[in-house]
Amino acid sequence: MNASTSAARTKSNAERKTIRAERLKLLRRNKAFLVGALILGFWLLIAVFGSIIAPHPYDAMDFMAVSKKPSGTYWFGTNKLGQDVYSRVLAGTQLIVWMSFTATALGTIVGGTLGLAAGYFKGWFDIILMRILEAISAIPVLIVALLAIAALDGQSSSITVGVIGFVFAPNIARTVRAAVLSEAELEYVAAARLRAERTPHILFKEILPNVLPPIIVEFTVRLGYAIFAIATLSFLGAGVEAGSPNWGSQISENWAYIFSNIWWPTLFPAAAIASLAVSVNLISDGLLEVFEV
Amino acid sequence: MKKYILNRLGLSVVTMFIVATIVFFLTRILPGNVARRYLGRSATEEDLVKFNAKFGLDEPLFTQFYSWLGDLLTGDLGTSMAFNKPASELLLPAIGYSSRLALMSFLIIVPLSIAGGIVAAMYRGKLVDRILTVGGLSAAVIPEFVWAVTLILVFGVILGVLPVTAFPTRGDPTFFAQMEHLILPSTALLLVLFGYIARITRASVIEALESDYMRTAVLKGLSRRRAVVAHVLRNALLPSIAVIASQVPYLVGGLVTVEIVFNYPGFGTILRDAVGGRDYAVLQSGVMLTSLVIVLFQLAADILFAVLNPRIRSRITE
């Protein structure tokens with residue numbers, strides 16, 4: 001009995017490995033995915049090394065060089081305070097990267113756990129949880145976030161990260177729950193129950209590895225939304241520290257000057273947001289295509 | 001059918017109750033210091049007591065919750081602490097303005113996105129399809145404010161062809177002048193929503209194109225275009241309705257930012273000011289009204305969906 005189940009499991013592990021190899025091959029051939037990965041990789045490098053390559057401190061003001069056009073000294077020009085836009089875009093990279101990744105990871109852990117439990121236990125727990133999740137998604141993400149940030153009096157990026165993470169949890173929970181519902185019917189789950197494995201073991205060791213693909217896709221999709229939401233919140237001045245070089249804050253501080261043709265302090269962070277968001281979207285699209293084959 | 005509608009209606013009421021609970025307790029996570037936060041550090045104990053008594057904040061939290069719910073149900077949206085007048089006087093005109101912008105955007109977004117999806121499906125795999133799908137979805141992940149600011153830069157400043165505020169300032173504007181002011185804000189919303197609606201329309205048109213009835217229609221001698229108009233659209237537009245309804249929360253979220261950028265006196269601007277000024281009554285009632293609109297749209301879409309497609313009706317009621 002014991003020997004045969006472990007044999008069945010090694011076989012399924014081998015199968016899993018070939019599927020994984022197959023998918024990696026498909027991903028390597030997916031042009032959109034590769035372009036996305038390249039751009040995201042670039043931004044991750046900037047997030048890590050940005051402060052080293054920045055020519056000026058991001059908050060240093062040079063009142064002799066206010067609103068200067070892009071030039072050899074100031075690659076992206078300077079803003080109305082004489083701050084180097086290039087250095088500020090580099091500094092902002094680190095902020096948006098850590099905020100969006102942490103928020104999404106938090107949402108995935110909370111939502112994934114809830115979804116696993118809801119899909120496995122079903123019954124009342126599932127019904128009540130799904131009702132609450134539906135209610136949360138009846139309020140636009142941006143508005144829940146604004147409300148929570150106002151309630152917590154939070155002009156801090158960590159509070160924003162927490163709020164976005166919790167707001168995203170319902171959607172992730174729903175995806176995971178749907179995947180678990182079909183998994184829980186399969187024989188290996190019944191087998192694990194017969195072996196009298198403990199519930200956490202069944203949930204996290206047996207079911208979780210098999211529902212990882214939808215979780216990974218959902219993670220990248222939510223990462224895109226997190227970038228969207230965090231950029232927008234910082235543009236609205238909610239949940240960020242004053243004077244922070246957040247890309248959204250830079251745009252909100254400088255965009256009024258585009259009417260005097262001072263476009264560079266706005267356009268460079270705007271292009272940065274756009275390219276980061278698009279790169280994540282290309283990655284999640286590529287993953288979606290490959291995992292659904 | 002009646003049973004299905006009643007069932008959906010009941011679920012919507014439950015959803016609204018949960019929303020109310022979340023909204024109320026979220027704004028009171030830190031209990032007791034609404035007055036302190038509102039009146040500032042210099043306020044005396046006496047001021048705080050007076051303020052709490054005036055707005056009923058001295059009662060137990062659950063009593064406050066139920067009286068707040070009761071007020072909402074009778075149409076009392078509370079009192080704005082910042083302006084010291086009924087919140088409805090601030091919210092209702094703002095929602096009127098927002099609806100106008102939302103309606104205008106919807107009139108642009110829905111036909112264009114559906115047309116985009118149909119074109120992409122008919123030229124599946126060709127360059128047009130790639131541009132529409134990849135382009136549409138890439139545009140969709142860029143925040144509205146980035147689009148708004150870029151559109152203002154290009155069309156308002158460089159080309160100087162379109163107005164950069166959403167609200168005509170001078171005199172008594174004609175209908176067309178008002179519409180002209182709404183073009184850029186609507187375009188910013190279009191760019192974000194186009195991709196999702198077009199993608200679903202494309203997928204369902206492709207499914208319909210590959211169906212048996214389509215083959216029959218073509219074999220019967222109908223031209224491809226005639227067959228698409230007569231057979232495909234009817235079946236393919238159903239999923240689009242569901243997606244359009246599911247995009248309403250995003251449209252509302254987008255309205256908030258777009259209104260602020262284009263300086264439009266709508267609901268988003270009110271909400272931002274309420275957040276900034278910690279105006280809880282306006283904030284709570286505003287969010288409740290938003291959710292109500294979203295839940296009603298969802299309900300309407302579900303019912304419409306069921307009316308148009310009996311197969312789905314029976315599946316949902318199970």
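Reader: Let's start with chain B. Which residues of α5(B) and α14(B) meet?
Author: On the α5(B) side they are A87(B), L90(B), L91(B) and I95(B), and they touch V282(B), S285(B), G286(B) and L289(B) of α14(B). Bear in mind that this is a predicted model.

Reader: OK. How do the residues of that contact divide into nonpolar, polar and charged?
Author: Six are nonpolar, two are polar and no charged residue takes part in the contact of α5(B) with α14(B).

Reader: And at what angle do those helices pack?
Author: About 40 degrees, with the axes 10 Å apart. Here α5(B) covers residues 87–122 and α14(B) covers residues 280–308 of chain B. The two helices are therefore oblique to each other.

Reader: Left-handed or right-handed crossing?
Author: Right-handed, for α5(B) passing α14(B).

Reader: Switching to chain A. How many helices and strands are there?
Author: Chain A has 11 helices and zero strands.

Reader: What box do the C-alpha atoms fill?
Author: Roughly 80 × 45 × 25 Å along the principal axes, for chain A.

Reader: Let's look at a helix pair there. How do α5(A) and α6(A) cross?
Author: Their axes come within 10 Å and cross at roughly 135 degrees; α5(A) is residues 141–151 and α6(A) is residues 157–183. That angle makes α5(A) oblique to α6(A). The crossing of α5(A) past α6(A) is right-handed.

Reader: Which residues make the contact?
Author: From α5(A), you have V141(A), V144(A), A145(A), A148(A) and I149(A). From α6(A), the partners are T160(A), V163(A), I164(A), V167(A) and F168(A).

Reader: What about α10(A) and α11(A), how close do the axes come and at what angle do they cross?
Author: The axes come within 9 Å and cross at roughly 150 degrees, with α10(A) spanning residues 247–254 and α11(A) spanning residues 264–292. So α10(A) is roughly antiparallel to α11(A). Their crossing is left-handed.

Reader: Who meets whom there?
Author: W247(A), G248(A), Q250(A), I251(A) and N254(A) come from α10(A). Across from them in α11(A) are P265(A), T266(A), P269(A), A270(A), A272(A), I273(A) and L276(A). The contact of α10(A) with α11(A) splits into eight nonpolar residues, four polar ones and no charged ones.

Reader: Now the salt bridges. How many over all chains?
Author: A search of the whole structure turns up nine. One of them pairs E206(A) with R195(A), whose closest N and O atoms are 3.0 Å apart.

Reader: What does that pair tie together?
Author: E206(A) is in helix α8 (residues 199–210) of chain A, while R195(A) is in the loop between α7 (187–194) and α8, so the pair ties together parts that are 11 residues apart in sequence.

Reader: How many salt bridges are there between chain B and chain A?
Author: One. The side chains involved are those of D285(A) and R199(B), at 3.9 Å from N to O.

Reader: And how much area is buried between the chains?
Author: About 4,000 Å², with carbon and sulfur atoms giving 79% of the area between chain B and chain A. In terms of residues, 49 of chain B are in contact with 43 of chain A.

Key
Residues are numbered from 1 along each chain as its sequence is written. Chains are lettered from A and ligands numbered from 1 in the order in which they are written. This is a predicted model: local features need pLDDT of at least 70, side-chain atom pairs count only at pLDDT 80 or more; totals for chains, interfaces and linings use all residues. Side-chain values use heavy atoms; hydrogens and water are left out. Axes are lines fitted to C-alpha atoms, for helices over the stretch in contact, and angles run from 0 to 180 degrees between N-to-C directions. Helices (H or I, at least four residues) and strands (E, at least two) are DSSP runs, numbered from the N terminus. Angles under 35 degrees count as roughly parallel, over 145 as roughly antiparallel, 65 to 115 as roughly perpendicular and the rest as oblique. A crossing is left-handed if the near helix is turned anticlockwise from the far one by less than a right angle, and right-handed if clockwise. Contact means heavy atoms within 4.5 Å. Ala, Val, Leu, Ile, Met, Phe, Trp, Tyr, Cys and Pro count as nonpolar, Asp, Glu, Lys and Arg as charged, and the others, Gly among them, as polar. Buried area is the accessible area (1.4 Å probe) that two parts lose on being put together, summed over both. A salt bridge is a side-chain nitrogen of Lys or Arg within 4 Å of a carboxyl oxygen of Asp or Glu.
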